[in-house]
Amino acid sequence: MFRLLLLGMFVVLFMDEGDRVLTWKWVRFCNSCERFDGSICHGGMKSCWKFNLYSKNRSCATDHYYFSDLTTGRYLFRYTTLSCRPCDEGMFQVFHDLLRETTCCINENRCNTGRDNLDITRVLGAEPQDAIVYDS
């Protein structure tokens with residue numbers, strides 16, 4: 001009996017009925033990647049989901065990791081992780097030479113692309129919204 005109840009819950013939550021049913025607004029889909037270097041997800045980009053009901057659980061998390069360069073005294077970008085975990089924005093010193101910056105996004109599904117870091121040099125034309133603007 002429990003299996004039928006669980007099956008019924010999943011059918012209701014994941015059916016695609018367009019605007020007639022509001023079930024897709026209750027589920028948040030996020031990207032999941034253990035090691036993202038700014039352009040490629042090493043190990044494969046995955047998808048994860050969670051319920052979009054509570055205000056603290058609605059976000060997708062993006063963690064940027066920086067390591068300390070002793071010669072320049074700056075933190076340099078190392079890699080990014082993408083996940084569905086509950087998000088608390090801010091910076092955290094993981095080790096003495098490793099810094100984690102966490103950003104959260106709640107505006108749309110799969111909003112944690114990992115490309116929101118300003119320390120990453122982007123390749124022109126790699127993103128669909130990139131365009132070459134000619135001055136006339």
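Asparagine 112 sits in the segment after strand 7 (98–105), strands being DSSP runs of E of at least two residues, numbered from the N terminus. With 1% relative accessibility, asparagine 112 counts as buried (under 20% relative accessible area, 1.4 Å probe, protein chains only). This is a predicted model, where local features need pLDDT of at least 70 and side-chain atom pairs count only at pLDDT 80 or more, while totals for chains, interfaces and linings use all residues. Residues are numbered from 1 along each chain as its sequence is written, and side-chain values use heavy atoms, with hydrogens and water left out.

The side chain of asparagine 112 has a polar atom 3.0 Å from the backbone nitrogen of asparagine 31, and reaches the backbone oxygen of serine 83 at 3.4 Å. Beyond four places in sequence, the contacts of asparagine 112 include Cys30, Cys60 and Cys105 (heavy atoms within 4.5 Å). Cysteine 60, for its part, touches Cys30, Cys105 and Cys111, among others.

On to the rings: there are 2 aromatic pairs (ring centres of Phe, Tyr or Trp, the latter by its six-membered ring, within 6.5 Å; planes under 30 degrees apart are stacked, over 60 edge-to-face, the rest tilted). Tyrosine 65 and tyrosine 79 have ring centres 4.8 Å apart and planes at 20°, so this pair is stacked. Tyrosine 65 is in strand 4 (residues 60–69) and tyrosine 79 in strand 5 (residues 74–83), so the pair ties together parts 14 residues apart in sequence. For tyrosine 66 and phenylalanine 77, the centres lie 6.0 Å apart with planes at 70°, so that pair is edge-to-face.

Notes
Helix = DSSP H or I, 4+ residues; strand = E, 2+ residues; numbered from the N terminus. Buried < 20%, exposed > 50% of the residue type's maximum accessible area, 1.4 Å probe, protein only. Polar contact = N/O pair within 3.5 Å; in protein donor to acceptor, adjacent residues only side chain to side chain.
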